[in-house]
Amino acid sequence: MPAQIVVVKRPRGGLFALVRSVPAWLRAFWIGDAAAPVRRSTAARTTPQRFDAKTEGSAPIAPAAGTPPDEESLRALFPEHAGRLDRTRDGMLRLEIPATDAAAVLRRLREEAALGFDRLRDLTVVDRATGAATEPSRLEIVYLLVESTGGTALRVHVTGLDPEAPEIATGVPLWPGAEWLEREAYDLFGVRFRGHPGLQRILLPIDFDGSPLRKGFFHAPAERVQTETEPTTPTASAPPKGGSA
Amino acid sequence: MSASSDTLPSKTLSDRLGFRATVVELGHTHPTVRRVMGGVGNTLSFLVTLDDDRIEALEVEIGAGHRGFEKEVESRPWHEALPYVARLGYASGPIAQIGYCLALERLAGLAVPVRATWLRTLVCELARITDHLARIAALATAIGAGAAERAVQQGELVAMKLLAAAIGGSPLGEWALPGGVACDLRADFADHWTRARSALEGTLSRVDRLLLAHPMAALRLVDVAPLSAELCMALGVTGPCLRAAGVALDLRRDAPQLAYAELEFDVPIGTRGDDYDRLAVVVEEIRQSLRLGDQCLRRLAELGAGSKGEGASLRGPVAAANLAVPAGEVALSIESSTGELGFFLVSDGGVLPRRIRCRAPSFFHAQALPAALVRAHLDDLLPTAAAFHLVSGECDR
């Protein structure tokens, strides 16, 4: 029993239709909006400059023609990373790549029409360190890509980041929705995204010190109080923005 | 008064008065923001740059309610994340808990009894109805449709009581558990459902009359804050707001979890992606949820409650305290009332999680809000925020 798609309708009669039949400029006067002769213009107006032609043109809603990407086609596309491609127990494809290749591989995944990974469902970071105070962080950036049809999903794990100052190229030109996700990764893990349009904290206060989701950051209340009262004391993890305001 | 400069045509009133960029902060203590957004947690604030009453730029600020749950749960056993997960939403709390349990069961390889799966499906739909009604009530409040607001609030109360009858208490309690559910439906639930269903149908017909077919909706919702399908996809918008833009993406249909593969329902989509379409899609989804609820109850009656056999069991043999999860990773998304709610769980093989990540739809919707509202009127900010249903718990986590 496949689910049917129904299109919601608008009333064709009554006061609703009568109001809609009044010209826009007249309606604008009616509700006291004289300063704006046309209440709504149409189309492109809603597109801010940042999400311009490049993104819009290369994001098809209908899936690209061809077979959905499978393990074999990905292996053929990235022979140098074929050894790090496998399927996890949730049935999802998982590709592990070093940070040096990340920009090229991600760009290819986005722009290769046959793959159609035009949606970034999620971007997050995992710290693989054990949590000992002296141990440096071992961060791994995880991109969760899906086809527009919701069919195939691919998880890209970027490993081998610099433990002291993790940095990677931004994904915002490829997926505009990455903007806040990268801000969050920067906020909580201290990962810098090169070329990000406005990399600043998003969830924590702007003068917060440290990267709380790293394993080396202890959230015991005593530690927190100490950090708050002495903001210049360096914490176990390197703060992303140097000292504090 | 120099005639030459005065006779030059000015674009707007602000230009003439010299207030080119007025920046207003509509914070969470602002009375109208409180009234509209109160139902979803109300920790967001909006920094609006105005030209007259047109929005030139909009910044949505989140994080005031950040409780750092992803850090907190890393030092606790897996099941202790459930109270935090429930608080991602209020009425939608059970959906988030069910999503988390599904991901954890996949990771730990736990089996779930058939009856528990059907109960979870039913509860997902009841929670969806309640949360959707809360969204409509907020939207009605925002455009000043008082009669519709009160009608929807009555319906919301009915739906909330129905949800409580199904899960035995508050939506923030622990009903969904790893491996099953905590309790069965109340004995008289079928009667309760019949009464509530007709009450909810009455609510929906009043919504049709007082909101969808009302001239006020034609003035305040049609063509307001449209977001194109391309932009929705690029910005990660999901759920009813994406479907309102004409994209038929629904995880219940495309990647069915629970019992959705065996159920019959329609996926409503809009055409223009404006506030009116968002509202119309949500109203239609409530109708579909009622349809799904009927089917779930029929199936649950067939399975039989309290009798012996597979159908009677509600929870597999799990030691919830200190559940040892084998090393591995799982990413799983379900269709919540707000959109695609995803969990990404990483285990080292111990009793403590390595990472629990929640992909919350409202976070993406808050990000997309400025794109929808550029050059719109200030009046349209709150109706649009209500139509997007920006739940604070999901934005801030």
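**Close-up views of chains A and B**

**View 1. A strand pairing across the two chains.** Strand β1 of chain A and strand β6 (residues 266-269) of chain B pair in the parallel sense over four bridges. Two strands pair here if DSSP finds at least two bridges between them; strands (E, at least two residues) and helices (H or I, at least four) are DSSP runs numbered from the N terminus. Within β6(B), B:Pro268 is the bridge partner of A:Val6. Please keep in mind that this is a predicted model, where local features need pLDDT of at least 70 and side-chain atom pairs pLDDT 80 or more, while totals for chains, interfaces and linings use all residues. Residues are numbered from 1 along each chain as its sequence is written, with chains lettered from A in the order in which they are written.

**View 2. The contact between chains A and B.** Chain A brings 53 residues to the contact and chain B brings 69 (C-beta atoms, placed from the backbone, within 7 Å). On the side of chain A that touches chain B, β4(A) gives the most, with six residues. By class, that side has 29 nonpolar, 11 polar and 13 charged residues (Ala, Val, Leu, Ile, Met, Phe, Trp, Tyr, Cys and Pro are nonpolar, Asp, Glu, Lys and Arg charged, the others, Gly among them, polar).

**View 3. Helices α14 and α16 of chain B.** The axes of α14(B) (residues 275-303) and α16(B) (residues 381-388) come within 10 Å and cross at roughly 30 degrees (lines fitted to C-alpha atoms over the stretch in contact; angles from 0 to 180 degrees between N-to-C directions). B:Asp275, B:Arg278 and B:Leu279 of α14(B) make the contact with B:Pro383, B:Thr384 and B:Ala387 of α16(B).

Methods
Two residues are in contact if their C-beta atoms, placed from the backbone, lie within 7 Å.
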